[in-house]
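This report covers one protein chain.

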Amino acid sequence: MTGVLRDPRRGDVPRTPARRGGAPNLGPRAAAGNRSALLAAAREVFGSAGTGAPLSAVAKRAGVGQGSLYRHFPERVDLIVAVFEEQVVAVEELAADAGVGLPDLLGLVTQHAVDSVAFVDLVRPGVPDGRLAALGERVAVVLATRLDGAIASGEAPPGTAPDDLLLAVSMVAGGLSGVDEASRLQTALRAWELLRFEVRIPAVAQD
């Protein structure tokens, strides 16, 4: 007997066999959904426990087997890069609006750091993986596009250099390590105040 089922009401058009319990086996069609579920789960798990959290916890949160996780992300760093890529793209998309200033960009970056204790892995100096280093550089490049205007308007300290921006982000993100989730935002804002940068957290994040 072959594994192909045929529905007598549809002639010889084959159907994919159902899994035990009646759920259809979607095969390749499930791949995109599984990947999205894994990324969402990784954001939550890494956000609370850091990028060193067990990958089994990510798979469990996503509702998929570890085999599926490793098919999409063969190495831990592959998953970390994919999670951070989404955050970097969000910053780049915000910067595409000419009316957005450095405080707005720093606000979004800060919100990412508040949401995920793992964010410091992206902006920490000397990141060993080249892909993570490249993502961090993309953030630095975007922030630098608004630096001159921010200095002129008093939103950034005089004499701030482009390289200083990612260092400042790294200092703020690193300062959130060990801070309870409820206090992270106020701690981050106080850190920026001490560094003499104006920061505007996205309105949705404050609701």
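## Helix packing

Axes are lines fitted to C-alpha atoms, for helices over the stretch in contact, with angles from 0 to 180 degrees between N-to-C directions. In this predicted model, the axes of H7 and H9 cross at roughly 120 degrees and come within 9 Å. The two helices, H7 and H9, are therefore oblique to each other.

The crossing of H7 past H9 is right-handed. A crossing has that hand if the near helix is turned clockwise from the far one by less than a right angle, and is left-handed if anticlockwise. Contact means heavy atoms within 4.5 Å. On the H7 side, Gly136, Val139, Ala140, Leu143 and Ala144 take part. They meet Pro162, Leu165, Leu166 and Val169 in H9.

## Basis and confidence

Residues are numbered from 1 along each chain as its sequence is written, and side-chain values use heavy atoms, with hydrogens and water left out. Because the model is predicted, local features need pLDDT of at least 70 and side-chain atom pairs count only at pLDDT 80 or more, while totals for chains, interfaces and linings use all residues.

pLDDT is the predictor's confidence in each residue, from 0 to 100. The chain mean is 82, and 80% of the residues reach 70 or more. Confidence is highest in H8, at 98, and lowest in strand E1 (residues 5–6), at a mean of 37. Over residues 1–26, pLDDT stays under 50. For that stretch the model has 19 contacts beyond four places in sequence.

## Overall layout

The chain holds 11 helices and 2 strands. Helices (H or I, at least four residues) and strands (E, at least two) are DSSP runs, numbered from the N terminus. Along the sequence the pattern is β-β-α-α-α-α-α-α-α-α-α-α-α. Among contacts between residues at least 6 apart in sequence, 63% join residues at least 24 apart.

Buried means under 20% relative accessible area, exposed over 50%, and partly exposed in between (1.4 Å probe, protein chains only). Of the 207 residues in the chain, 39% are buried. His112 sits in helix H5 (residues 102–115). His112 counts as buried because its relative accessibility is 11%. Leaving out residues up to four places away in sequence, His112 touches Gln87, Ala90, Val91 and Phe119.

## Salt bridges

A salt bridge is a side-chain nitrogen of Lys or Arg within 4 Å of a carboxyl oxygen of Asp or Glu. The whole structure has 9 salt bridges. One of them joins Arg138 and Glu92, at 2.8 Å, N to O. Arg138 is in helix H7 (residues 130–144) and Glu92 in helix H4 (residues 76–95), so this pair links distant parts of the chain, 46 residues apart. Arg138 is partly exposed at 27%. Glu92 is also partly exposed, at 28%.

A network of salt bridges links Asp104, Glu155, Glu198 and Arg200. Within it, Glu198 and Arg200 pair at 3.1 Å, N to O. Glu198 is partly exposed, with 36% relative accessible area. Glu155 and Arg200 pair at 3.7 Å, N to O. Glu155 lies in the loop between H8 (147–152) and H9 (162–174), and Arg200 in the loop between H10 (181–195) and H11 (203–206), so the pair ties together parts 45 residues apart in sequence. Glu155 is buried at 17%, whereas Arg200 is partly exposed at 33%.

Conventions:
Parallel < 35°, antiparallel > 145°, perpendicular 65-115°, else oblique.
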